[in-house]
Amino acid sequence: MLEVELCGIKLRNPTMLASGILGTSGAALKRVALSGGAGAIVTKSIGLTPREGHRNPTVVEINGGLISAIGLANPGYEEFGDEIRVAKEGGVPVIGSVYGFNFGEYAAVAETLQKYGVDAIELNISYPNVGKAGAFFGYSEELSHEVVKEVKKRVSLPVFAKLTAGAGDIVAIAKACEDAGADAITAIGALRAMKIDLITGKPILGNEVGGLSGPCIKPIALRCVYEIAREVDIPVIGCGGITTGEDAVEFFLAGARAVQIGTGVLYRGITIFKKVSQEIKEYLEENGYSSVDEIVGLALR
Amino acid sequence: MHEMQVVKIKKIIKETKRIKTFILDLDVSAIPGQFVMVWLPGVDEKPMSVSYTKGDLGITVLRLGDFTRRLFELSPGDMLGIRGPMGRGFKVYGDKLLLVGGGVGVAPLAPLAEEALAEGKEVTAIIGAITKSELLFVDRIEKAGGRVLISTDDGSAGKKGFTTDVLRELLEEETFDQCFTCGPEIMMAKVLDITREKKIPTQASLHRYFKCGIGICGQCVLDGIGLRVCKEGPTFRDKELRKSPEFGRYWRNAAGQKIYFGGKK
């Protein structure tokens, strides 16, 4: 009942771990698959060289979510093969998230992750907290198109493009990615935000500004998925504030084929994937559906 | 929700040449072994284990790098940002307890000793340092009624050598219901080897590089067991740690690269 297929990849349930959460090491990814119950896991975004990221505080909790600015910290693609190997012991599809400062970096890292045995590539063109990487590409139709095109030349795996609502017209970006050959769209990444401490009068985050995630961005993410799914033919993966089965169902109704969960781990623990899957199942049963596919895009019709 | 609270430093106690205790204007209770994230605005934020758990919260810090150097420049009345207390503290169930602390690692063990002694339990603490003047909380634990055995690397107090030397000798003659350890990880790994032979259940408090501190970033996840030091830890059971190839061997830097203790693979 919960199985879905995404670009030819079979998922036992439609919940995926979102990139950037618990994804730096194979051990963590494996745990999310085995005890967490995720249908697929997305690694932390990997780049060409090791990066320590921004200084702490890298995360600040606010009402309704989190603002974080880890700063694309990662050990670099050369060292990541071992982590992928361990992650794959979780027995679910592993999606390699890739960021870069130029097209060549995206392509080189994606090609290497393919060699490491990931099941798909997700291009991070949504991360808003490092100057000319991530969202720098995702803000522009031309750059988004080029990144996807260059990566598609080098890998045979399905390529997802993860978009940001910080772009002026996210639907136009989604279409540009589809035209360039993207196999799916993930929407959305965290949104630029900040928090200032009243006593010291200073921004709390080391990077001053960060990316807002969690339940407070869900309505924005839902709107993006709805608008994108109406205009593209490739699958859309919903991401942004999903914490319950009801949230996930909303995204399916808006046209998402699967959902990613990140910040929700903070509120419901690593087993949130199991919990949300169970809640999706209950919704389907109570409403007389026999599969997730049956409700995908109902709100669009 | 662990909101950042900016609080005043009430009191600073110079414990040794390189260790200071900061008593904060923050009346929350913690379980020994728990930690707080300490924010120095404009500088950085680091995890510190709680050394005073009742009444005003306290942390005890070794001057080591840039962050702690800046922390040491502060005076009573200055402000610090605090998130927490967070994480899993030590779990005491026995009546006869053994504590093994090396250097600033005694910080979370001292409140554990005080609380256990107040509940009528028997506490023996092995405290080690490089030299006599760097020994931490010997008086504090003795004053609470605990027995303290000392080791120093240079022999300036107690036994010349390591806490593990004292531990080995002690366990030839006595046994304990539980052991708790905190200090350099190589020391803790040896403590676990020794207490395993004697079948004494042991909990160790680990230090790792932290980012979020709330269990979502994945920075501090231990290889082999997938447990998060900030969430399922920082205290772990011996049987958990024995399943991790990382314990006693390496940690991960801010980029997530493995850094081997002692520089060797």
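A: Here is a walk that starts where the chains meet and then moves into each chain in turn. Please keep in mind that this is a predicted model.

Let us begin with the meeting of the chains. On one side, 39 residues of chain B take part, and they are in contact with 36 residues of chain A. The size of an interface is often given as the accessible area lost when the parts come together. For chain B and chain A, the area buried between them is about 3,000 Å², and 58% of that is on carbon and sulfur atoms.

What kinds of pairs cross this interface? The rule finds two salt bridges between chain B and chain A. One of them can be picked out by name: Glu83(A) pairs with Arg252(B), and their closest N and O atoms are 3.0 Å apart. As for polar contacts, 11 residue pairs are counted between chain B and chain A, with both residues at pLDDT 80 or more.

If you look at the side of chain B that touches chain A, you will find that strand 3 (35-40), strand 4 (44-52) and strand 6 (79-86) of chain B each supply at least two of its residues. Sorted by type, the residues on this side of chain B are 19 nonpolar, 10 polar and 10 charged.

Glu246(B) sits in the loop between helix 6 (238-242) and strand 14 (250-252) of chain B. Is Glu246(B) buried or exposed? Its relative accessibility is 1%, so Glu246(B) counts as buried, the limit being under 20%. Leaving aside neighbours within four places in sequence, the residues in contact with Glu246(B) are Glu185(B), Arg208(B), Val221(B), Leu222(B), Asp223(B) and Trp251(B).

Another stop in chain B is Ala116(B), which belongs to helix 2 (residues 109-118). Ala116(B) has a relative accessible area of 4% and is therefore buried. Not counting residues up to four places away in sequence, Ala116(B) touches Leu97(B), Lys121(B) and Val123(B). For a sense of distance, Val148(B) is 32 residues from Ala116(B) along the chain, and the C-alpha atoms of the two are separated by 15 Å.

Chain B also has some backbone details to look for. Gly233(B) and Pro234(B) are joined by a cis peptide bond, with omega about 10°. Pro234(B) lies in the loop between strand 12 (202-205) and strand 13 (235-237) of chain B. Phe137(B) is not a glycine, yet it has a positive phi of about 60°. You can find Phe137(B) in the loop between strand 8 (122-129) and helix 3 (138-143) of chain B, and with a relative accessible area of 7% Phe137(B) is buried.

The peptide bond from Ala187(A) to Ile188(A) is cis, with omega near 10°. Ile188(A) is in the loop between strand 10 (184-187) and strand 11 (191-194) of chain A. Leu22(A), although not a glycine, has a positive phi of about 50°. Leu22(A) lies in the loop between strand 3 (15-17) and helix 1 (26-34) of chain A, and at 2% relative accessibility Leu22(A) counts as buried.

Asp247(A) is in helix 8 (residues 245-253) of chain A. Asp247(A) has a relative accessible area of 11%, so it is buried. Its contacts, not counting residues up to four places away in sequence, are Lys218(A), Gly241(A) and Ile242(A).

Let us finish with the aromatic rings. Over all chains, the rule counts 10 aromatic pairs. How is the pair of Tyr99(A) and Phe101(A) arranged? Their ring centres are 6.1 Å apart and their planes stand at 80°, so the pair is edge-to-face, a label that applies over 60 degrees. The two partners can also be described by their accessibility: Tyr99(A), at 2%, counts as buried, whereas Phe101(A), at 33%, counts as partly exposed. Elsewhere in chain A, one aromatic cluster is formed by Phe103(A), Tyr106(A), Phe136(A) and Phe137(A).

Methods
Residues numbered from 1 in each chain as written. Chains lettered and ligands numbered in written order. Predicted model: local features only at pLDDT ≥ 70, side-chain atom pairs only at ≥ 80, totals over all residues. Heavy atoms only, no water. Contact = heavy atoms within 4.5 Å. Buried area = accessible area lost by both parts, 1.4 Å probe. Salt bridge = Lys/Arg side-chain N within 4 Å of Asp/Glu carboxyl O. Polar contact = N/O pair within 3.5 Å; in protein donor to acceptor, adjacent residues only side chain to side chain. Helix = DSSP H or I, 4+ residues; strand = E, 2+ residues; numbered from the N terminus. Nonpolar A, V, L, I, M, F, W, Y, C, P; charged D, E, K, R; others polar. Phe/Tyr/Trp six-rings, centres within 6.5 Å; stacked < 30°, edge-to-face > 60°. Buried < 20%, exposed > 50% of the residue type's maximum accessible area, 1.4 Å probe, protein only.
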